[in-house]
Amino acid sequence: MKFNGTIRDVEEKDLAEIKDIYSLHYINPVDSEYFTTRVQEYLEKSPLAKDARFQYLVAERNGVVIGMIGFRDPTKYFYKFSETQKPVELYSLFVKNRAEGIGKALVERMTQIVTKMGYTEIVVFSHETWKES
């Protein structure tokens, strides 16, 4: 399905909706709070977020955030799986509803951005509890 909406940089006003999206997927509220805090740190330009070159985008339809993607410079761990010297880590990707093309549109936009930034490969870690990933 083709995504019908807008993809844009995350803004402070999106945090509550992002937390709601995380809460749809994480059983433990501590997990959704942890990842929402990472987005907030990015918005506040914290040293951690700046050092890892975090970036977040949201998918929006009719003024409502319906998906988000986060990416960053990978930790050293990922380099052993990388085939190039300039990988980027797809850190977080969640949508409100599946099978609407939201995730695909977010990954396509991320790919455009990271290619312009000089990254040569996207690496992803998916914990065994996320078998659908």
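User: If a salt bridge is a side-chain nitrogen of Lys or Arg within 4 Å of a carboxyl oxygen of Asp or Glu, to how many salt bridges does the count come?
Analyst: This is a predicted model, in which local features need pLDDT of at least 70 and side-chain atom pairs count only at pLDDT 80 or more, while totals for chains, interfaces and linings use all residues. Residues are numbered from 1 along each chain as its sequence is written, and side-chain values use heavy atoms, with hydrogens and water left out. Side chains of opposite charge can pair when their charged atoms come close. By the rule in the question, the count of salt bridges comes to 7.

User: Which residue forms a salt bridge with arginine 8, with the closest N and O atoms 2.8 Å apart?
Analyst: Arginine 8 belongs to a salt-bridge network that also takes in Glu11, Lys13, Asp14 and Glu60. Its relative accessibility of 15% makes arginine 8 buried, a class that means under 20% relative accessible area, with exposed over 50% and partly exposed in between (1.4 Å probe, protein chains only). With its closest N and O atoms 2.8 Å apart, the bridge joins arginine 8 to aspartate 14.

User: Over the ring of which residue does the charged end of arginine 38 sit?
Analyst: A charge sits over a ring if NZ of Lys or CZ of Arg is within 6 Å of the ring centre and within 35 degrees of the ring normal. Lysine 86 meets this rule with the ring of tyrosine 119, its charged end being 4.5 Å from the centre. For arginine 38 the distance to the ring centre is 4.3 Å, and the ring is that of tyrosine 34.

User: How many residues apart in sequence are the parts that arginine 72 and glutamate 89 tie together?
Analyst: The side chains of arginine 72 and glutamate 89 meet in a salt bridge at 2.7 Å, N to O. Arginine 72 lies in strand 3 (residues 64-72) and glutamate 89 in strand 4, so the pair ties together parts whose separation in sequence is 17 residues.

User: What is the average twist from one strand to the next?
Analyst: The 5 strands form an open sheet in the order 1-2-3-4-5 with mixed pairing, two strands being paired if DSSP finds at least two bridges between them. Strand 1 (6-9) and strand 5 (121-124) are the edge strands, each pairing on one side only. From one strand to the next, the twist averages 30°.

User: At about what angle does helix 2 run to strand 2?
Analyst: Axes are lines fitted to C-alpha atoms, for helices over the stretch in contact (heavy atoms within 4.5 Å), and angles run from 0 to 180 degrees between N-to-C directions. Helix 2 lies across strand 2 (55-61), strand 3 and strand 4, and its angle to strand 2 is about 105°.

User: How many aromatic pairs does a search of the whole structure find?
Analyst: Rings of Phe, Tyr and Trp (its six-membered ring) pair if their centres lie within 6.5 Å, and planes under 30 degrees apart count as stacked, over 60 as edge-to-face and the rest as tilted. Ring pairs join Tyr22, Tyr34, Phe35, Tyr42, Phe54, Tyr56, Tyr91 and Phe94 in a cluster. Over the whole structure, the number of aromatic pairs found is 8.

User: How many residues apart are tyrosine 22 and phenylalanine 94?
Analyst: The two ring centres are 5.3 Å apart with planes at 75°, so the pair of tyrosine 22 and phenylalanine 94 is edge-to-face. Both residues are buried. Tyrosine 22 is in helix 1 (residues 15-25) and phenylalanine 94 in strand 4 (residues 87-95), so that distant parts of the chain are linked across a separation of 72 residues.

User: How far apart in space are glutamine 55 and glycine 70, C-alpha to C-alpha?
Analyst: Glutamine 55 lies in strand 2 and is buried, with a relative accessible area of 17%. Not counting residues up to four places away in sequence, it touches several residues, among them Asp9, Tyr42 and Gly70. Although glutamine 55 and glycine 70 are 15 residues apart in sequence, their C-alpha to C-alpha distance is 5.6 Å.

Note on methods:
Helix = DSSP H or I, 4+ residues; strand = E, 2+ residues; numbered from the N terminus.
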